Amino acid sequence: MKHVLPLTLLFAACGEPTPPGQMSEKPPAPATTAESTKSGGKALNGAGASFPYPLLSKWSAVYHDDKGVQINYQSIGSGGGQKAILDKTVAFAGSDAPLPQDKWDLAQADGGIVHVPETLGAVVPVVHLPGVESLRLTGPVLAGIYRGTVTKWNDPAIAGLNPGIALPDHDIVVAHRSDGSGTTYVFTGYLAKVDPEWASAVGRDTSVNWPVGVGGKGNEGVSGVVSGNEDAIGYVELAYAALNHLQMVQLQNHDGNWVSPTMEGVSAAAAAAPDLPAGPASWTAVDITDEPGAQTWPIASFTYLLFYQDMGKAQGKRLSREDAEATLRFAWWAVHDGQQYGPALQYPALPAAVVTLDEQTLKGITWNGEPLLKD
Amino acid sequence: MERRAAAEGLSSATLPEARRPAAPRGLSDRSFRTILGVLAAALPLMEAVVLVELLQGSLPALRTFGWHFLVGRTWDPVAEVFGALPFIIGTLLTSAVALVLAVPIAIGTAILLVEYATGWVREGLGFLVELLAAIPSIVYGLWGMVVVAPLMRAHVDPFIEASPLGWLPIFGRPLLGLSLLTAGVVLAIMILPIVASVAREALLMVPSEQREAGLALGLTRWETTRRVLLPYARAGVFSAIILGLGRAMGETMAVTMLVGNTPAVTLDLFQPGYSMSAVIANEFSEATTTLHVSSLFGVGLLLFLLSLVVNSMARMLLRGLSHAGTR
């Protein structure tokens, strides 16, 4: 998910005392823990998804002030992050989508890669319908619009969900992301889950073969098409929709309730997810769209930090044991103390069950068979 | 020209060698030549490296799809079926629209600047043309999205449809404003400065004797321009057009913001399309499967080859033209 936030927010994300550009010039803060003395103010490198980048920047600034450890995260996209960790050029990677099966299999030769969900994202359908206060859609109707079977706003399928609302007899202008993105991955995953036709004809990926519509580049491109054309519908990240006051659609969730997108609703989706994989198991099939729960927003997803299960065997030549340990301590901090910085930047907090799962996964990461985090 | 060359030859021949330290001079000449040689060799070497990289990267896709990669109409990352035809067509169509619109304006501007305008008009207009070239393409893209696309949708597209032009098979039913036509229109503005300034240079190179001869024969200014200047400068004007075409084919950011990014095989300029560079920019960073990445490399390879073909064809044409021109 490409995450584009207004400048003010980006600055907030960077933390007031140290915008990231200046950080390298500032001497490292005095070491406060034994662990950071060992890593000696050294920089730890990660790369990947751009969606969590504002949050990671915030974490990086706070963590640097607090522990004296510098985290460099390059937002190069989920695909780039997955490639970087498989190439062992980074200590950790960020990805909105879990590793696909072939890459997960590939990583097994090096002892496997673990997924640590670090925050949550949500996708929101937005429309441009002057005179319509709030529009209600179900998943299958949304899928129908994006498959091109529902083409008019006053189609009975839409009108039936919105009694008493005057819908125009106009063609629906459909907009989607043109760039490969986690947002599209989550959105198409939701459509595939609620509509078997979508699953078989289109499927789920970071970019797909869209049956109808025009592509806009990034959240700003899609919202540009939507705000520039009456009768348009598109989908963007929750944060982008909220900050730009786009006209959001209410969806019917798994429990049959009409819900508007909220951060609580997204956290509820993560909490409702049954049987998440533990430790080094594959996350390829994980999908937290259309989860049960009264409040649950149905188009939600995790975004992950990726680590090697055995950092010593996989990365021992490129990464020292101290740096590996420091990386894991940062991840530990991010899923605990770091969560409080999420909501201000429109990142919903992880539910307790997922934090517990992350703890187990992080404790299971080893250095030549020996656990790296002992406490 | 000849006189100067002769004078130089004379001076180097007659200057007593003994007065100058011969050895260092020869040495510095030789080392300078070596350095130049290395620098010059770096360019083809770089091109070779790019070509090898592109070939290597696209090998899985070319092996899987073979010939169908070139003519396939489907681009489906989920089913992993990749055909590049929609992008090739999109790149060619948007570039063609850009050329058709930009070339007359650019060459007209060049003629005005060289032959007609004087004083501050010449200065000011020349400056404005160069200013166009200094605007980053993302700004063109934004402007296109906010200003041009709505304008096209609301006014230009319906106007074209209603006019006799609307009968042409390249115009169907106006749709959104994000279309091959809109991308072509903004591309035209983007390539205008380079075409205009190179064409201006070519016209400035025409010796004033030619101009005077034309006028002396009783030709009007326009006739002189049309019958004497343009034929004389046609090689240079032609390279100006080719440079513009190259820029149009490679332009990414503005195109992707305006073209609608829909991989459809269509000749209808009102429809959204896609271009080769745009699909690479859009999908590369989040492409996760090997075949998807490789297919994007494949599109890059095709773009490289397409530019090569277009450039060599232009060069051949140019050679023909300049032979005709010098006679």
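Q: Which residues of H11(B) are buried?
A: They are Met276(B), Ser277(B), Ala278(B), Val279(B), Ile280(B), Asn282(B) and Glu283(B). Buried here means that 20 or more other C-beta atoms lie within 10 Å of the residue's own, with C-beta atoms placed from the backbone; 12 or fewer is exposed, and in between is partly exposed. Helices are DSSP runs of H or I with at least four residues, strands are E runs of at least two, and both are numbered from the N terminus.

Q: And what does that say about the helix?
A: Seven of the eight residues of helix H11 (residues 276-283) of chain B are buried, so the rest of the structure largely encloses it.

Q: Before we go on, what kind of model is this, and how do the labels work?
A: It's a predicted model: local features need pLDDT of at least 70 and side-chain atom pairs count only at pLDDT 80 or more, while totals for chains, interfaces and linings use all residues. Residues are numbered from 1 along each chain as its sequence is written, and chains are lettered from A and ligands numbered from 1 in the order in which they are written.

Q: How does the model score?
A: The ipTM is 0.71 and the pTM is 0.77. For chain B, the mean pLDDT (the predictor's confidence in each residue, from 0 to 100) is 85, and 90% of residues reach 70 or more.

Q: Where in chain B is confidence lowest?
A: In helix H1 (residues 2-14) of chain B, with a mean of 45, whereas helix H4 (residues 85-116) of chain B is highest at 93. Residues 1-15 of chain B have pLDDT below 50, and that stretch has zero contacts in the model beyond near neighbours in sequence. A contact means two C-beta atoms, placed from the backbone, within 7 Å.

Q: How many helices and strands does chain B have?
A: Chain B has 12 helices and two strands. Of its 327 residues, 39% are buried.

Q: Switching to chain A: what are its domains?
A: Domain 1 covers 7-122 + 270-374 and domain 2 covers 123-268, with bounds from an automatic or database domain assignment. Their centres, taken over C-alpha atoms, are 30 Å apart. Across the boundary, 33 residues of domain 1 of chain A are in contact with 32 residues of domain 2 of chain A.

Q: Is Leu137(A) buried or exposed?
A: Buried, because 23 other C-beta atoms are within 10 Å. Leu137(A) is in strand E5 (residues 136-137) of chain A. Leaving out residues up to four places away in sequence, Leu137(A) touches Pro125(A), Leu142(A), Leu161(A), Val249(A) and Leu251(A).

Q: Last one: how many residues does each chain put into the contact?
A: Chain A gives 30 residues and chain B gives 23. In chain A, helix H5 (78-86), strand E7 (214-216) and helix H11 (218-228) each supply at least two residues of the side that touches chain B.
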